[in-house]
Amino acid sequence: MPIITYRQALNDTLGEELKRDPNVLLMGEEIGVFQGSYRITEGLLQEYGPKRVVDTPIAEEGFVGVAIGAAMLGLRPVVEIMTINFILVAIDQVVNHASKIHYMFGGQVRVPLVIRTPSGGTGQLGATHSQSFENWFAYCPGLKVVAPATPYDAKGLLRAAIRDDDPVMFIESLALYDTKGDVPEDNDFVVPIGVAEVKRTGTDVTVISYSRMTAVAMQVAQRMANEGISVEVVDLRSLRPLDRPTIIASVKKTNRAVVIAEDWYSYGVTAEIAATIQEEAFDYLDAPVQRVAGIETPLPYAKDLSAASKPSAHSLIYAIRKVME
Amino acid sequence: MVKEADVVRTSLADEDADELRHYYYQMLLLRRFEERTGEMYVKAKIGGYCHLNLGEEATIVGLMAALKPEDYIFTNYRDHGYVLGRGTPPGPIMAELFGKETGVSGGRGGSMHLFDAERHFMGGYAIVGGQVPLAVGAAYALRYQEKPGVVVAQMGDATTNIGAFYESLNLAKLWKCPVLFFIVNNGYGMGTSVAMGSSEPDLWKKGASFRIHGEQIDGTDVLAVRDACRRLRDYAEREADPVILDVVSFRFRGHSVIDSDRYRNPEFVRKGRQDHDPVRNFATLLHEHAIIDDAWLKATADQVEHEIQEAIDFANASSDPNIEDLYQFMYATEVANTPGPEDAIAAVKINRGEV
């Protein structure tokens with residue numbers, strides 16, 4: 001399999017799906033002439049033209065709503081929101097409209113829409129440009145929310161999302177765009193939505209994560225192996241639907257669990273996973289579930305403060321040691 | 001209200017008498033449907049919020065007379081009359097208000113969320129302004145797929161104060177979308193008057209900075225509404241250009257069934273209902289021109305009563321949606337790790353105290 005970046009996997013998939021289905025179109029700010037704020041759509045305007053790759057004004061509520069309405073008439077828009085922070089001005093369209101239209105109208109119309117957006121923080125982007133809101137959308141029935149950690153999953157899940165007839169929130173990560181991995185050349189492989197993957201098998205402790213934190217967990221697992229601790233890594237891949245059986249099966253095997261996510265600690269993804277484990281695997285636990293998540297402040301700008309506010313390999317190792325005590 | 005001098009009286013000379021009688025029949029059907037709906041609400045047959053189209057009969061029937069089958073309609077939550085006016089039978093509409101499986105949205109939507117895909121009625125929406133970008137998107141899809149037709153974005157007067165409206169105007173113009181922005185201006189957004197809520201009370205002017213043409217029309221005159229809509233609809237389709245129609249009418253009752261309307265002067269309401277009743281005024285007009293007589297009026301009224309009673313009987317006789325179908329419409333594409341019929345039954349039994 002060729003080794004390509006996460007960015008390239010996304011770019012390839014968008015191009016292939018544009019080519020495959022004339023109803024697929026891309027919409028977003030700076031995705032065409034500018035070639036994408038993070039170069040995910042690089043070259044696509046040149047190849048597919050302005051009908052298929054649509055530069056929008058800065059009007060997220062408006063163009064997300066337009067994409068939903070167009071999807072209701074059979075188009076398959078793939079919307080880029082520059083970062084997840086900006087989707088808050090469009091959240092009414094996502095939560096009150098996209099997620100409800102199929103159910104609320106008795107299944108009469110479908111909303112085959114994908115919203116791609118990077119979540120989380122990197123560098124010193126400050127309080128308003130470093131947030132993780134995927135849990136807000138994972139909370140909402142009617143949406144599908146996926147968050148791939150590898151180029152392979154990025155490609156397989158994006159393809160699945162574009163071919164899916166429901167609204168899918170496709171969560172990316174700025175810090176993952178340059179990471180590399182094996183990606184098959186097969187133009188029809190998909191990663192199923194709603195299914196987690198055991199990315200590394202282990203026997204002593206299960207680490208549950210998604211997106212960038214899965215990459216962190218994989219590194220930590222390798223390091224812990226050198227210390228004689230066998231870590232199993234469950235990569236959620238989808239936040240809604242959530243693959244509870246895979247989480248529970250792993251915890252029943254290892255009897256210990258650490259959950260790590262980049263969002264804020266309270267009411268975040270880690271809380272949902274920890275609750276699931278205590279409901280369904282309480283009797284199998286040898287120690288309380290440990291949670292690793294973001295420190296609860298608006299993210300400060302200063303370099304040290306910023307870095308210290310996000311979960312890291314250090315905080316994951318600390319939690320693993322604690323759960324092994 | 002529109003000043004008398006502004007109103008363009010349509011001559012009846014070129015009109016087809018059967019068509020005029022049909023407009024009256026439709027307006028009366030809407031009127032009585034809504035009055036009986038109000039009764040059913042009081043009898044607790046209908047739950048939730050319930051907003052009636054009373055006073056807007058000419059607005060709706062005039063619009064529907066101008067639209068073509070290929071056109072699409074998105075409305076706000078005051079939607080009963082639009083679905084009825086588009087030709088959906090009264091039975092499934094009443095059944096939806098009753099929350100029945102046979103309702104137009106399978107009992108999943110209710111009064112504010114009616115839908116009829118077959119007739120291109122693309123939904124009633126209950127978040128103010130939410131339907132406006134959706135309508136632009138539908139028009140965008142028509143253009144993309146090179147299909148004929150226009151899309152109506154119906155909204156209330158107060159919706160012209162929300163951000164989604166302005167983003168929609170900009171995108172519709174920028175992307176050459178054939179949208180008729182159809183503002184039902186009954187003077188009040190709940191209890192807030194147009195003057196209290198809008199720095200530009202002439203709502204038809206609100207497209208000016210987007211270079212969108214706007215007009216105002218008397219929404220209690222079915223022929224005036226029809227003619228304006230026909231002209232603007234054809235323009236929007238031909239030129240692939242959005243337009244605004246500010247349709248002024250009089251709201252007969254409070255904002256919703258449970259609103260006691262304390263913020264409007266009772267004398268103002270009494271006079272409004274007397275002077276601006278589109279159904280009665282149209283009957284008088286047709287009478288004066290000898291297009292209808294008392295016997296026809298009586299027969300029509302009887303037929304309407306019968307149809308609506310049948311609708312109520314249909315709704316009463318219909319079944320509630322099945323408990324096991326609770327998750328039925330969650331996703332259009334099947335996906336792993338989602339609950340099914342057995343989970344629905346188990347959850348509902350617990351919630352009902354049956355286990």
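This is a predicted model: local features need pLDDT of at least 70, side-chain atom pairs count only at pLDDT 80 or more; totals for chains, interfaces and linings use all residues.
Local features need pLDDT of at least 70 and side-chain atom pairs count only at pLDDT 80 or more, whereas totals for chains, interfaces and linings use all residues. Residues are numbered from 1 along each chain as its sequence is written, chains are lettered from A in the order in which they are written, and side-chain values use heavy atoms, with hydrogens and water left out.

The domain assignment of chain A, in which bounds come from an automatic or database source, gives domain 1 (3-182) and domain 2 (197-324). According to the unreviewed UniProt entry, residues 4-179 of chain A carry the annotation "domain: Transketolase-like pyrimidine-binding". UniProt positions are given in the numbering used here, feature names are shortened, and annotations may be inferred rather than shown by experiment. Helices (H or I, at least four residues) and strands (E, at least two) are DSSP runs, numbered from the N terminus.

The centres of domain 1 and domain 2 of chain A, taken over C-alpha atoms, are separated by 26 Å. Between these domains, 30 residues of domain 1 of chain A are in contact with 26 residues of domain 2 of chain A, where contact means heavy atoms within 4.5 Å. The two domains of chain A bury about 2,100 Å² between them, and carbon and sulfur atoms give 55% of this area. Buried area is the accessible area (1.4 Å probe) that two parts lose on being put together, summed over both. Of the area that domain 1 of chain A buries against domain 2 of chain A, 24% is supplied by A:Q124, A:N135 and A:A147, more than by any other three residues.

Two salt bridges are counted between domain 1 and domain 2 of chain A, a salt bridge being a side-chain nitrogen of Lys or Arg within 4 Å of a carboxyl oxygen of Asp or Glu. A salt bridge also joins A:D153 and A:K199, with the closest N and O atoms 2.5 Å apart. Across the interface of the two domains of chain A there are 13 residue pairs in polar contact (both at pLDDT 80 or more). A polar contact is a pair of N or O atoms within 3.5 Å; within protein, one must be able to donate a hydrogen and the other to accept it, and residues adjacent in sequence count only if both atoms are side-chain atoms. On the side of domain 1 of chain A that touches domain 2 of chain A, at least two residues each come from α6 (134-138), β6 (144-146), α7 (151-163) and β7 (168-173) of chain A. By class, that side has 15 nonpolar, 11 polar and four charged residues. Ala, Val, Leu, Ile, Met, Phe, Trp, Tyr, Cys and Pro count as nonpolar, Asp, Glu, Lys and Arg as charged, and the others, Gly among them, as polar.

Chain B is divided into domain 1 (17-321) and domain 2 (322-355), and the C-alpha centres of these domains lie 35 Å apart. Four residues of domain 1 of chain B are in contact with five residues of domain 2 of chain B. About 310 Å² is buried between the two domains of chain B, 37% of it on carbon and sulfur atoms. B:E101, B:R108 and B:P321 supply 91% of the area that domain 1 of chain B buries against domain 2 of chain B. This interface has zero salt bridges and three residue pairs in polar contact (both at pLDDT 80 or more).

Between the chains, 46 residues of chain B are in contact with 54 residues of chain A. The area buried between chain B and chain A is about 3,900 Å², with 66% from carbon and sulfur atoms. Zero salt bridges are counted between chain B and chain A, and 20 residue pairs are in polar contact across their interface (both at pLDDT 80 or more). The largest share of the side of chain B that touches chain A, 10 residues, comes from α5(B). That side of chain B divides into 28 nonpolar, 14 polar and four charged residues.

Over all chains, 49 salt bridges are found. In chain B, B:E305 forms a salt bridge with B:R32, the closest N and O atoms being 2.6 Å apart. B:E305 lies in helix α11 (residues 294-317) of chain B and B:R32 in helix α1 (residues 17-42) of chain B, 273 residues apart.
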